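Hi,

Here is the structure I promised to pass on.

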Amino acid sequence: TLRDEVARLSGELSERQKLHYSAHDAHLGELDALRQRLSDLTASHVADKSAAEERSKKASSEAWDRWESERSSLKEQLSEARMKVEELTQLASRSQHALDEARSKRQALKADHDRLEAEFAEMRTTYTTQNQELLHTL
């Protein structure tokens, strides 16, 4: 009968609707699971990226600090070397001055020595001559 047919079709429709809604709910569940997975992966990616950036900043900062420390150390060594060069230059200047004074004194002493030697030779000649004259007169 028509009623039986309508009832059967209505039952079949109801059954198909249940299957459809059940499949729809399953798809929605899968979709929610995929959304959650995407959210988790995004959060993980953001955290990894942030951690990588932080490590990079830290490594860069540490490298910069090492460079600054080395630069400071080299500047200090350069300053010390410049002071040492200045000290050595002053010492060389004083040494040259002392050497020039010593040479000057040596020349003066040599001149005095030559003069005294000449005077002595003259005195010896005079003494020898006077001595011979005295011996001659005796």
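Arg-115 is partly exposed, at 41% relative accessibility. Bear in mind that this is a predicted model. The partner of Arg-115 is Glu-119: their side chains meet in a salt bridge, 3.0 Å from N to O. Glu-119 also counts as partly exposed, at 36% relative accessibility. Both residues sit in helix H1, 4 residues apart, or about one turn of the helix.

Now to another set of residues.

Two of the pairs in detail:

- Glu-5 and Arg-8 form a salt bridge at 2.4 Å, N to O. They are 3 residues apart in helix H1, which covers residues 2-137. That is about one turn of the helix. Glu-5 is partly exposed at 34% relative accessibility. Arg-8 is partly exposed too, with a relative accessible area of 43%.
- Arg-16 and Glu-12 form a salt bridge at 3.4 Å, N to O. About one helical turn separates them, because they are 4 residues apart in helix H1. Glu-12 is partly exposed, with a relative accessible area of 31%. Arg-16 has a relative accessible area of 55%, so it counts as exposed; the cut-off is over 50%.

How many salt bridges turn up in the whole structure? The search finds 8. The pairs described here are among them.

Best wishes

Notes: Residues are numbered from 1 along each chain as its sequence is written. This is a predicted model: local features need pLDDT of at least 70, side-chain atom pairs count only at pLDDT 80 or more; totals for chains, interfaces and linings use all residues. Side-chain values use heavy atoms; hydrogens and water are left out. A salt bridge is a side-chain nitrogen of Lys or Arg within 4 Å of a carboxyl oxygen of Asp or Glu. Helices (H or I, at least four residues) and strands (E, at least two) are DSSP runs, numbered from the N terminus. Buried means under 20% relative accessible area, exposed over 50%, partly exposed in between (1.4 Å probe, protein chains only).
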